[in-house]
Amino acid sequence: MDERFVPYIPTAGSNVAHAEITTPTLVKMMIKRSKKPILILGENLSKDEMELIDKFIEKYNLKVIKTPEEMNLMAIMKFLANSNYDLALFTGITYYYLAQAVTHLKQFSNVVTVSIDKYYQPNTLYSFPNLSNDEYIDYLKKLLEG
Amino acid sequence: MDERFVPYIPTAGSNVAHAEITTPTLVKMMIKRSKKPILILGENLSKDEMELIDKFIEKYNLKVIKTPEEMNLMAIMKFLANSNYDLALFTGITYYYLAQAVTHLKQFSNVVTVSIDKYYQPNTLYSFPNLSNDEYIDYLKKLLEG
Amino acid sequence: MINLSMSYGDIVRFEGDIKSMTSQLLKLKNVKISGTIKFGENIEEDDDWEPMGPTPMPKIPTLRHWDFKLLERYPPFYMPICDLCCLCTFGKCDLSKGKKGACGLNIKAQQGRIVLIACCIGAACHTGHSRHLVHHLIETLGRDYPINLGNEIEVEAPIARTVTGIKPKTLGDLEKILDYCEEQITHLLSAAHTGQEGDYLDFESKALHAGMIDDLAREAGDIAQIVAYNMPKGDGDAPLVELGFGCIDKSKPVILCIGHNVVPGSYILEYLEENNLEDEIEVCGICCTAIDITRVSEKPKIVGPLSRQLMFVRCGVADVVVIDEQCIRTDILEEVLKTGAVLIATNEKMCLGLEDISHLSEDEIISYLIRNRAGLILDEEKVGKVAVEVAKIVAKERKDRKSLPDLNEVIELAKQCTECGWCNRNCPNAFKVKESMILAKQGNFEGFIDLYKKCYGCGRCETICQRNLPIVSMTTKVGEAYYKDLKFKIRAGRGPIKDVEIRSVGAPIVFGDIPGVVAFVGCSNHPNGEEEVALMAKEFLERKYIVVATGCAAMAIGMWKDKDGKTLYEKYPGEFRAGGLVNCGSCLSNCHITGAAIKIANIFAKVPLRGNYAEIADYILNKVGAVGVAWGAMSQKAAAIATGVNRWGIPVIVGPHGAKYRRLYLSNGEKFKVKDKTTGEIMEIDPVPEHLIVTAENYKECICMIPKLCMRPNDTPKGRANKIYHYVDLYEKYFGRMPPDLEKFVRTEKDIPFMMKDKIMNYLEEKGWKPFEKYPKNPTIL
Amino acid sequence: MINLSMSYGDIVRFEGDIKSMTSQLLKLKNVKISGTIKFGENIEEDDDWEPMGPTPMPKIPTLRHWDFKLLERYPPFYMPICDLCCLCTFGKCDLSKGKKGACGLNIKAQQGRIVLIACCIGAACHTGHSRHLVHHLIETLGRDYPINLGNEIEVEAPIARTVTGIKPKTLGDLEKILDYCEEQITHLLSAAHTGQEGDYLDFESKALHAGMIDDLAREAGDIAQIVAYNMPKGDGDAPLVELGFGCIDKSKPVILCIGHNVVPGSYILEYLEENNLEDEIEVCGICCTAIDITRVSEKPKIVGPLSRQLMFVRCGVADVVVIDEQCIRTDILEEVLKTGAVLIATNEKMCLGLEDISHLSEDEIISYLIRNRAGLILDEEKVGKVAVEVAKIVAKERKDRKSLPDLNEVIELAKQCTECGWCNRNCPNAFKVKESMILAKQGNFEGFIDLYKKCYGCGRCETICQRNLPIVSMTTKVGEAYYKDLKFKIRAGRGPIKDVEIRSVGAPIVFGDIPGVVAFVGCSNHPNGEEEVALMAKEFLERKYIVVATGCAAMAIGMWKDKDGKTLYEKYPGEFRAGGLVNCGSCLSNCHITGAAIKIANIFAKVPLRGNYAEIADYILNKVGAVGVAWGAMSQKAAAIATGVNRWGIPVIVGPHGAKYRRLYLSNGEKFKVKDKTTGEIMEIDPVPEHLIVTAENYKECICMIPKLCMRPNDTPKGRANKIYHYVDLYEKYFGRMPPDLEKFVRTEKDIPFMMKDKIMNYLEEKGWKPFEKYPKNPTIL
């Protein structure tokens, strides 16, 4: 199997159902179709990545919650499960920590969850594959295209 | 994901590593390359299927153990793990029972295990995908070609 | 002040003042006594019923040497159900293909660990159950209430005597046994903690210890309930009681008891008797509670094994469902409420989020239940009146209530099916649900008729159905409509085997003249319906094996009739003798099966019991041709029971789903080594019994394996020939051929049954068979 | 015959003949007495130290009402680590997205069930450990050995008093407590069996009960070892002992003790003392055994927390490794043998497949070990001489033995790396192992230097390496070469908090003038090295919080030095007061932290303890501003400890890996409801403490969460202002901004710290904050 589609930490998946691989193009479509999207933004992005994400937020006028600065990630999950956000994007969060946290939404909500981080995240519904640093920058740029 | 590549009983897999999908052509190549192949043959094939399998056995002059008639499946696994058979094919065995039994070889041997049954078997190293009855007959015929 | 704390085997110092003393009957007030009592072996004058053996109250390492002997011959065979370990936050760790976890553990040790945890849960279950029984019975009958199983049962507690060295005389004595069980379970469970035990063989030794504790705890519980409720005490003529969906009288208010604990049900029976309501109210049960209430009274009826639980609840026949503990569907509340019935939970182990209404008066509880339809009553005495009175009220309310769709509705429902096929794929047995649906669309119920027979009602087809079709209800309805004769008989659980029975079968068993003792035990979750177990029992009854049964397996045996409409219980006597069909009782009563094996060693062969575990187990392994069959074994309790049975040296066969227990004990099928006790010589013998625990893929395989696993090194040539006769005959019957490994089990020509001489000799020649030059007179592995 | 069996709270009938009686001091022989003693409350004359409260020896349902109050406010938040349940052979069942399993269970209940099993394993671990200690100490010191913690500690066992109603006076009394623990664990574990409990809230209530049992068992064990080994009894000036790799004198024979049980280590110390060998042999320890042997004597040294276990063993410094129980690498045998050292296993819980040589004489054992390099000695008394004498011999043999590669070899090894990157991916923290390898190929060790600091040595990188590179050894070598100053100090575990300390801090804690008590506990498996915990402790010491520590966290706090080369233990006093740094001891000693909270309720506020759990817990929840931080919590024990702490009403923060426990207790952060005890009025209050157990992603988040979780409804305005001050100040320090939820915690303007008035008022205005009109004087949720 292509290692890029195996969870970055291979044991991180919740066993039966793993995220479908997605692309910047598809993500843009999902945002456009979404009634109420949100980005959950962690601290672990590089400066370059952060700049691109900032532009992405601006471009799509995304509601953002920074974690942990603005809210504890688990509290965010609890909040989202009971909210009417229909699309939640994630990046910059400690990999294994998000893997565990997002299982809450996977089991107990209908929020469409998408990891736009550089590691394949099995427990969202959609995820980018494992990417190198350069590939990731490239993906982020593609998010800004069009 | 294509349902044909999901374990027939979806919980049957041992979590991290599931069988690669294989084809009659590839199986024939594996047999040819194998120094000492063996077929473990269960009771659950239809008459048509059995006829084709008999021809297949004959064609490749395969060593066969019928289970349970000739040997208990678990005893077979124990035997194979300590044998010099390098390729073990399986068909006609109760699906979930083989799924569980063959994890022994998966973890404790280097035998290359291949399910040539009509259901995708996650715990062998290779397996046919989930097939309809007709497709299966077709696959078996292909095993006899060439 | 009096300050006494005692645990068995300790020296106790005590002090106190005696300030008043009246006659011989002391009323103690401000007692002050000072002195020392050696508590333990010497506490009781008549405690010298037998000198103490080497291992009373064994701790974890005490019998490790015995376990290692077993495990050397029958090494654990692992089928890891998951590549991962997810037990601590170091992980999840991938242990596949030789990788170690973050704590250093490998996948073999991890499997042993999971088995240990399962056995601990099982042992905890039985210990908790027995503790509850003993506690309750001491509260009502007093700590001194005597344990007396009658004149015909002198060895009242073979397991307790062998394991703990205690001969329990009162209910209070059982507490000491349970204290010991709880301490051992705690230590064993502890060993499963991250960073404790690291070796798979030691995990297995601990699992075997947990299994033994489980056996001991069951004995304490069953003895307690036998003496307290005056259940049959080894009575081979215990009454035949009614069994099956068909025998429930739906015209009366119906109370259904589910679970394993006899206490609430017994209060219901008591209330009915006291109020002359026995003929007004129908009391029935599912699972072991059903068996145990019919040991208390012949009146209640047994609906069936746990596999019929969901179907029967869906029928809506019950007006009140009383649940206690173990093997109850965890969605029972939701299911019962859907039928309009009332649910009463009665046990701390299963509270289901319900409000605890124990403190209310019975009348308040009744009106609470009528309003709220469910509640938790932990004071079981109140359950008697409450269940009955609520049933009367609810039965009226529910008079015209229908729970199942009618047959036309089944067709309409089937028409909604999208034929996605996920019902088949989510079925543990991959049954053809979709195909049954397709037929039903045309009004053809054949698929569902077949399903009804085979299905064990887990409901996984329903939970995955995109259309939320009530597949189990549809199946139940079809079953109700097409199986009209669901009325059977089962012999009420008779409890222990009598000493006199042991005396008369001891020699023929030990020498092999009785070809074996086959015990059908455990749950009924086997893939092809109850009938399979009944047919297996029939096969061995006809061959004059001793057939023993407990729990849901005992019910399954009753759920088949011959052409005369008779069940096996009606056809075969209930005594422990060749061709006898012995229903010992509930799962707790499994202790009497190992108990019988122990008693053969003790009563027939005079091997001392007391604190003498290894010698007894060694005797059983080598000389007592018994095998357990847990065809539908499902739970952690079954894992504990089987592992406990294994430690005594008795092999077990489990059904195909048993593979999911992850571990078997398989020999390599080559020659075994034993010592001849008489000469001290180590010698090679035939590999019997071949495995300690093994799965069979199907009914045929299981039937053919039974005679083989009944063989023992101690068989006389005549005995072995008898066993081989059945092995060959059954193989020919079910596979149309000679057993492919027969040569291993024929030691010399004398082992060949006369009737089959030529056939077998031809076969043996083909195989290049050579006879053993000698075999041991008195085989032992110690 | 005398036949007494008693368990606490029962009515006991007893009978017997008195055949001889001599003077007031009775020598009993053939006693026959008959009568009834009410055993329990009335058994001891001076047992009226306090009237019995409502819930002595609570059973599973007894405190359910309290649990349900907690769970209503802090509902379980589940993160299912797996979609499946694989606990019985019905399964595996897919429970994802609302599907039910074959037994009817849903995924929420399954998570609760797994948490319950984890808590049972944890509680069993501590109960088994304490049972072993108490059993051993009773054997050596007698059942009557008094429990006396000195004049300054009158409330010797606050947990036992509150939970069981027992005031333990002797070691024998502790047995009654442990009997109770074992019985409860058995019932609780039983409830996790297939087909028992079915409701997630009831699973959680049971987990909370298991946690409470865990707390109680730890108290029994720690009290036993404190009195038996004369460990410090609440001594704020307990000695400073040496800590760190750097303080082990490699020139001497080295004995390394790993685990949690002080008994074998204490025999080693005793043998050394008796034979004047204390300066000849180096004794050191890892994990709680290390802490506990330094409570027995100042001589031994603490190597470090469990996260340094593999690295230190790989160093090869130890000549003999003595393991006891818990938190030991399960591959320790293999690892020790690789270094040429000898392994001695001493506990039934970890036998590692080794031969049991306990029955041999000490000299025979010594020669066995020299030949075989490893063995199991269950007679701990023999371990003293054996370990020392073997160490002397082995140290000579091993003189020039090298275990680690040298730096050049590290480079050569690195060159073999294929850069596949799977080391990074199999690392639980995804550390940059590959990148460190790449640097090392060029002789640049910066990557490994960084790794050494952060890595907790699980070895998962090694196990997946295709080239079998000994990555942990390479890391260890680089660490050894580049960190020269690994010598620290830690204050020896002082045990309980003194009553007098409680008296002086009671009011300031309850009113909020001391801004909080922060307890750093549990394992050290946090993703960024020991330093993080030390820096957190420092932050709160400087702010005059009371900082308490135990176990590996207490060590981690010692493993940081300021610019003067001083550890926090050298800089801050060991008393339980504002700005004090209190090392209570090992993981067992966690009981003294909850104990302190209980004593505040009792000694300061005069809330009665005895059998009065819910009222005490309610007091703590509402009035005692304490928070536990288990930053590297790893095990089932940690799960049990945290859950036990939660039941007392104390919130806990766990590190990011703690998410793998699968369950948190999170409020929704909205206003809470309480009752004012004084007026009976139900009113809305600020949501404090906000969560009962919550993860933090990193160090910064944890630091900012601590002051928030120290807030309590009972805070006076001054107290709350003080807490808010730290909350705001820390948020600004670590995130450069105001806390985004501050408005929730400012009840009225009086809660605003004077120094921050303008800033906070501006912020509050922006948020549209409105003050509470009133808040309760005496808040309660009961």
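Q: How many residue pairs are in polar contact across the interface of chain D and chain B?
A: Two residue pairs, both at pLDDT 80 or more. A polar contact is a pair of N or O atoms within 3.5 Å; within protein, one must be able to donate a hydrogen and the other to accept it, and residues adjacent in sequence count only if both atoms are side-chain atoms.

Q: Before we go on, what am I looking at?
A: This is a predicted model, where local features need pLDDT of at least 70 and side-chain atom pairs count only at pLDDT 80 or more, while totals for chains, interfaces and linings use all residues. Residues are numbered from 1 along each chain as its sequence is written, chains are lettered from A and ligands numbered from 1 in the order written, and side-chain values use heavy atoms, with hydrogens and water left out.

Q: What area is buried between chain D and chain B?
A: About 280 Å², with carbon and sulfur atoms giving 48% of that. Buried area is the accessible area (1.4 Å probe) that two parts lose on being put together, summed over both.

Q: Which residues in chain D lose the most area to chain B?
A: D:L84, D:K92 and D:D94. Together they give 91% of what that side buries.

Q: Now chain C. Which residues does the UniProt "binding site" annotation cover?
A: The unreviewed entry lists C:C417, C:C420, C:C423 and C:C465. UniProt positions follow the numbering used here, feature names are shortened, and annotations may be inferred rather than shown by experiment.

Q: Why do they gather at one spot?
A: They span 49 residues in sequence, but no two of their C-alpha atoms are more than 10.4 Å apart, so they end up at one spot.

Q: Where is C:C423 found?
A: In helix α13 of chain C, residues 422-426. Helices (H or I, at least four residues) and strands (E, at least two) are DSSP runs, numbered from the N terminus.

Q: Is C:C423 buried or exposed?
A: Buried, at 10% relative accessibility. Buried means under 20% relative accessible area, exposed over 50%, and partly exposed in between (1.4 Å probe, protein chains only).

Q: What about C:C465?
A: C:C465 is in the loop between α16 and α17 of chain C. At 17%, C:C465 also counts as buried.

Q: New topic. Where does C:D686 lie?
A: In the loop between β21 and β22 of chain C. C:D686 is buried, at 1% relative accessibility.

Q: What does C:D686 touch?
A: Leaving out residues up to four places away in sequence, C:D686 touches C:F672, C:R720, C:K744, C:F745, C:R747 and C:F772. Contact means heavy atoms within 4.5 Å. The side chains of C:D686 and C:R720 make a polar contact at 2.5 Å.

Q: Which cis peptide bond involves C:P689?
A: The one joining C:V688 and C:P689, with omega about -15 degrees. C:P689 is in the loop between β21 and β22. Most peptide bonds are trans.

Q: And in chain B?
A: B:T67 and B:P68 are joined by a cis peptide bond, with omega about 0 degrees.

Q: Last one. What is phi of D:K606 near?
A: Near 65 degrees, a positive value in a residue other than glycine. D:K606 is exposed, at 64% relative accessibility.
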